[in-house]
Amino acid sequence: MGKQIPNWLFAVIIVAFTVAFIGLLGSAMKPSGQPGANGASVGKPAPDFDVKTADGKSFRLADYRDKVVLVNLWATWCGPCRMEIPDLVKLQEELGPRGFVVLGLSADDSLELAGRFARDEKLNYPVALVTQEIMNGFGNPAGIPATFLINKSGKIVWEGQGVNPDVAMYAILKPEIEKLL
């Protein structure tokens, strides 16, 4: 059999990966004009898509060209995604009447599961399932959560991936959204 890794070396490897991961999360959320982790989508037109929402309605991104839209890629099993939800609910509540819409695109296996979560947690915005085609259109984000802010003409103006535990998403996004309204 092969040699076992000494406990001290294993601990060093775990600490190194943890520090690198935390560093990536902390640097992933950046203000408008500065892309998130990969920045592949900022400045490009948002992909158009048509999805069925958990409440049985249809959501076509092109139908919201006169509104500011925040698309959040998330999942019920994703702890960091769940951390963002109260801020998204608050943004929708405060800025929705002024022409702002949040859309949650879940990476869960079923729309029923995502819909049940949305009802239980009292999400005040539409929830649908993300498809590979939609992921491709947003530049294939490296992971979730991934958030894209889209202006009234349909261009992606801000992208954030991961969660910055030191700064609430509400504090980051509210001024950015207000500039666009």
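Mentor: Start in the sheet. Phe-148 has Glu-159 of strand 7 as its bridge partner. Keep in mind that this is a predicted model.

Trainee: What makes strand 6 and strand 7 a pair?

Mentor: Count the bridges. Pairing takes at least two bridges between the strands. Five bridges join strand 6 (residues 146–150) to strand 7, so the two strands pair. They run antiparallel.

Trainee: Which strands are called edge strands?

Mentor: First the order. Five strands form an open sheet, 5-4-3-6-7, with mixed pairing. Strand 5 (127–129) and strand 7 (156–161) each pair on one side only, and these are the edge strands. From one strand to the next, the twist averages 20 degrees.

Trainee: How do you know that helix 3 packs on the sheet?

Mentor: By its contacts. Helix 3 (residues 111–120) touches strand 3 (68–74), strand 4 and strand 5. Its direction makes about 160 degrees with that of strand 5.

Trainee: Now the charged side chains. Why is the link between Arg-98 and Glu-178 called a salt bridge?

Mentor: The cut-off is 4 Å, from a side-chain nitrogen of Lys or Arg to a carboxyl oxygen of Asp or Glu. For Arg-98 and Glu-178 the closest N and O atoms are 3.5 Å apart. That is within 4 Å, so the pair counts as a salt bridge.

Trainee: Which parts of the chain does that pair link?

Mentor: Distant ones. Arg-98 sits in the loop between helix 2 (79–95) and strand 4 (100–106). Glu-178 belongs to helix 5 (residues 169–180), and the two are 80 residues apart.

Trainee: Why is Glu-178 called partly exposed?

Mentor: Its relative accessible area is 34%. Buried means under 20% and exposed means over 50%, so 34% falls in between. Arg-98, at 46%, is partly exposed as well.

Trainee: How many salt bridges does the whole structure hold?

Mentor: A search finds seven.

Notes
Residues are numbered from 1 along each chain as its sequence is written. This is a predicted model: local features need pLDDT of at least 70, side-chain atom pairs count only at pLDDT 80 or more; totals for chains, interfaces and linings use all residues. Side-chain values use heavy atoms; hydrogens and water are left out. Helices (H or I, at least four residues) and strands (E, at least two) are DSSP runs, numbered from the N terminus. Buried means under 20% relative accessible area, exposed over 50%, partly exposed in between (1.4 Å probe, protein chains only). Axes are lines fitted to C-alpha atoms, for helices over the stretch in contact, and angles run from 0 to 180 degrees between N-to-C directions. Contact means heavy atoms within 4.5 Å.
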